[in-house]
Amino acid sequence: MEIVGTLLAIFLSGLRGATPLLYVLLGETVTERAGIANLGVEGQMLSGAFAGFAATVVTGNPWIGLMAGALCATLLSCVHAVLCLVVKANMFASGVAVWVLGGGLSAFFGIPFVGRRIDGFVAPDFGSLKDMPLVGPLLRTLTPTVLLALVLWAVLGWFLYRTRGGLRLRAVGESAESAATMGVAVMRVKWMAILGGGALSGLGGAALSVDQVRNWIEWMTAGRGLVAVGLVIVARWNPWLALPAALLFGVVEALTLRMQTWGVPVSSYLLSTFPYMVCLAVLVWGYVRARTRGGMPKDLAQAFARTE
Amino acid sequence: MNRRILTLLAASTLLLASCKKTDEAQAATEDRVGFIYVGPRTDYGYNYAMDQGRLALEKDLGVKTVFFENIPENAEVERVMERMIADGIKIIFPTSYGYLDPALNVAAKHPDVKFFHGGGFKLAPNLGTFFADIDEVEYLSGMAAGAATKTGKMGFIAAHPIPQTLRNINAFTLGAQSVNPKATMNVVWTGSWSDPTKEAEAANTLADQGIDVLTMHVDGPITIAQTAEKRGIMVCGYHADASQFAPKGWVTGASWNWAPLMEKIVKSVKDSTWTSGHLRGKLSDGYVKLASFGPSVPESVKPKIDSVKKSYETGSKLWSGPIVDQAGKTVLAAGDTLTMEKVESMSFLVKGVVGSIK
Amino acid sequence: MNALGSLQERRKSLAHRFAWFEGALSATLATLAFLVASALFFAVLGRAPIPLLLELVEGAFGSAYGISETLVKTTPILFCALATALPARLGLLTVGASGQFYMGAWLGTAMFLYGDPQPTIFLVLTVFVGACLGGAIWSSISGFLKAHLEVNETLATLLLNYVASLLVDWVVYGPWRDPANLGWPATRSFPDSVKLPTLIDGSRLHAGLLVAVGLAVVLHVVLARSRWGLALRILKSNRALGVGAGFSWVANVALVMAIGGAIAGLAGILEATMVHGRLQSGIALNYGITGFLVAWMAGQHMLRVIPLAVAMGALMSASDALQLFAQLPESTSIVLQSLLFISVLVTGGLLARGRS
């Protein structure tokens, strides 16, 4: 029983950590399915975290905060869309531009909100359930942003494989040329994919600042957006696999913290490298598998292989 | 293209620089005092406390101040100091621990400028240090926590294993053990003075393991206080009174009161009575404070805390033996006390602390 | 092979005729776009843009000290830009300069702490060779993954950056911490014998700047004149053709990644020895990503990176002047850097569109 409780606690801790990642991962999956990679999600996530927190401070309503976060990141993703689609700049360079811009702007405008207090979502009263072993921790972890992420996960999985819109999106990523001959408005789909990815990354940032941490500080995402870009490849551009990929990172991160509390005689700095090493390892594994089994949108594959 | 850019750059530089010269004849600026912070001054923590001191200088002494935020703890800070000195500033407070060696470098080049470093233990003729006996307050906080904990398990979330954090962890744990000998302390390092995401998850991880009192040594206490409140466990603050972030779970907390110390320093420089040295503010003088007690602190422990506080005022020492480290080795024999230098360079964790300082 | 060579020559001479005009045009347009964008940014804040821009220029170039500090910043940015530009000549897009910077500083410092060869010249040699090796090895991990498994080098280098900075944290807070310095998280100070001469007395500007500029020139000449440069150009524009012509993709990926890493590693040890005097946490600041921006803005041109590195160095070093005189936070400089980058991307992209 004890061991089950510990394992569940580590899993739930991983789920909390995975939630902001899951939003970003789903968003990046949508964007990359249209043949566009976006490293700017890190900056978009930061802008979402900032706008979400700021709006919650001002209005007192965390739901408005989530919306503001999504909106702000969507606006920022427009920069990427313009640079990639209108100016035809290199998508990786453009992503770095959005990353730095989002980080700089959120740090700049976020200053008045450092040290402010928000109340976040009010946890419903579960009565006696909350003291039950296993059930209690589970209910406590399933906050609105975690549930919303899980709902969006299912919706996007369904959308991509079961709807005409999803088909169009996939067609554009496979080959914009043949999609155009099929009558798909390629540019429109690409725009929507970038903006949709922007909104989701903003939600991820806002989920972090408004719900999980309930605090804002500049650069608070600490590279999570970039990790998500790597995890997209691990998840093979499949929204259904986004959840296990995000969970893997979340659980490894939770485990390293847990190991510290056990007094493991290993430097905490070395323990902190594990999530990144695991991410790199599964990235390599993902490539090996993608080579044998495919899965990468063809146009994107070209963009990844030839970066000029 | 490069030649073009260079010409353009040079031309515009000269043009712009020549426009600038007009307002050079500024009023005497030597009265200003410069502050350098490692993070944002609104962090409700270390930098916030320092900034409160700065604001008091402006209000009480009428001096003008300038401040720099988010300056990293390495040679970057040298440029910032040089920049201030070039602008005529003669008193500089590099407030963060890691600014010490860079400040010594700059101080050697500018003997006419006075530096006051927060928390260091080295001197120059024009560089003194200031700090306050926060570990004594940590000990008192630990007493309150030790009495309040139901499970006897406490958690400490700290940034990096450096002497200051080890001091606080040890003082807090010793305080708790003085009223609750079986109390244990689990330490989690976040690897950053400010990483709220990791702080929140560390707090959750500790709460998951039956720990019911959290405390911290990171730049801002907000995240951990709020997460503890959300999880229904208790929290002791640090740096500044964060009770509003955890109204139910608040135990107490150690906080700074830099204003009187900084005013004393600036006044002594102005009337030329200052000499270089290590200025350490005492608990009895109110330079460090114990925040008000929360609802969970039992009445029975309050007089005990008070009497220990009084004993510090009459010269009793926190760091007196016997002190036993994690591995059970006696690091300080009964009857001995640690020298200031030993305290300032502490590198062990006391018995009852679970965690690695590797 | 001959046909390829003459094709290359013809393209080059044709390109040469337009390059000067186009370069000047895009530089002017980008500068204008940047000025407009930053003026807009300041205007949104309700601040008059001109005085703030003047303040920035004054802070960066207004005094001997300002110029020396701008150039102090330029040095690591230039190294990191070269470290990014070289792999880009093969079409590889790395953002790993900061990780390579850290591992260069890491291994170079290890040589100093654990080996103590006599005479001093050997120490200098091992420290700097160690630094180049450290950066090269770190970069080669991504290079190996790219060459053999096609793993995207952008993501691999990104992830390795985080690992590298944590490895530096590990040693400076742990085993390499100077026991004589009251527990301060930094290694022992480097002796003067491993330090390069300073260029201006009393400043922090050191000969590393000359090394960086020299390296840029050498790389430029080698890439323009040698058979190797030709190999990179062909492999980049058409890998199959290049491989068919007998150039090895795997070997060239390994080579550019290793050399790039070595350059970034050199930057790391120079910052550690010359600027900080010891290995410490967080010394790479934003040099890696700034170097990336510079390399990209320069179109991976080894000489064009020089003035752009100076411009970025100015933005970085003058940010505290903005804090002091205009009460603008340090993030202002980051916003301005990204605006400059976007301006260059936009004007470059639009010009390319106009051409086609």
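The legends below describe close-up views of a predicted model.

Residues are numbered from 1 along each chain as its sequence is written, and chains are lettered from A and ligands numbered from 1 in the order in which they are written. Local features need pLDDT of at least 70, side-chain atom pairs count only at pLDDT 80 or more, and totals for chains, interfaces and linings use all residues.

**View 1. The seven-stranded open sheet of chain B.** Seven strands of chain B lie in the order 12-10-9-8-6-7-15, with mixed pairing. Helices (H or I, at least four residues) and strands (E, at least two) are DSSP runs numbered from the N terminus, and two strands pair if DSSP finds at least two bridges between them. Strand 12 (288-290) and strand 15 (353-354) of chain B are the edge strands, each pairing on one side only. Within the sheet, strand 6 (residues 153-158) and strand 8 (residues 213-217) of chain B are parallel and share five bridges. B:F156 stands opposite B:T215 of strand 8.

**View 2. A β-α-β unit in chain B.** Strand 1, helix 2 (residues 46-61) and strand 2 of chain B form a right-handed β-α-β unit; a crossover is right-handed if, with the strands pointing away from the viewer, the path from the first strand over the helix to the second runs clockwise. Strand 1 (residues 33-36) and strand 2 of chain B run parallel and are joined by four bridges, and B:V33 has B:T65 as its bridge partner. Strand 2 (residues 65-68) is covered on both faces, with B:T65 and B:F67 buried on one side and B:V66 and B:F68 buried on the other. A residue is buried if 20 or more other C-beta atoms, placed from the backbone, lie within 10 Å of its own.

**View 3. Helix 11 of chain C.** Eleven of the eleven residues of helix 11 (residues 287-297) of chain C are buried, so this helix is largely enclosed by the rest of the structure. Among them are C:Y287, C:F292 and C:W296. Just after the helix, C:G299 takes a positive phi of about 60 degrees.

**View 4. The contact between chains C and B.** Chain C contributes 35 residues and chain B 36 residues, where two residues are in contact if their C-beta atoms, placed from the backbone, lie within 7 Å.

How values were computed:
Buried ≥ 20, exposed ≤ 12 C-beta atoms within 10 Å, placed from the backbone.
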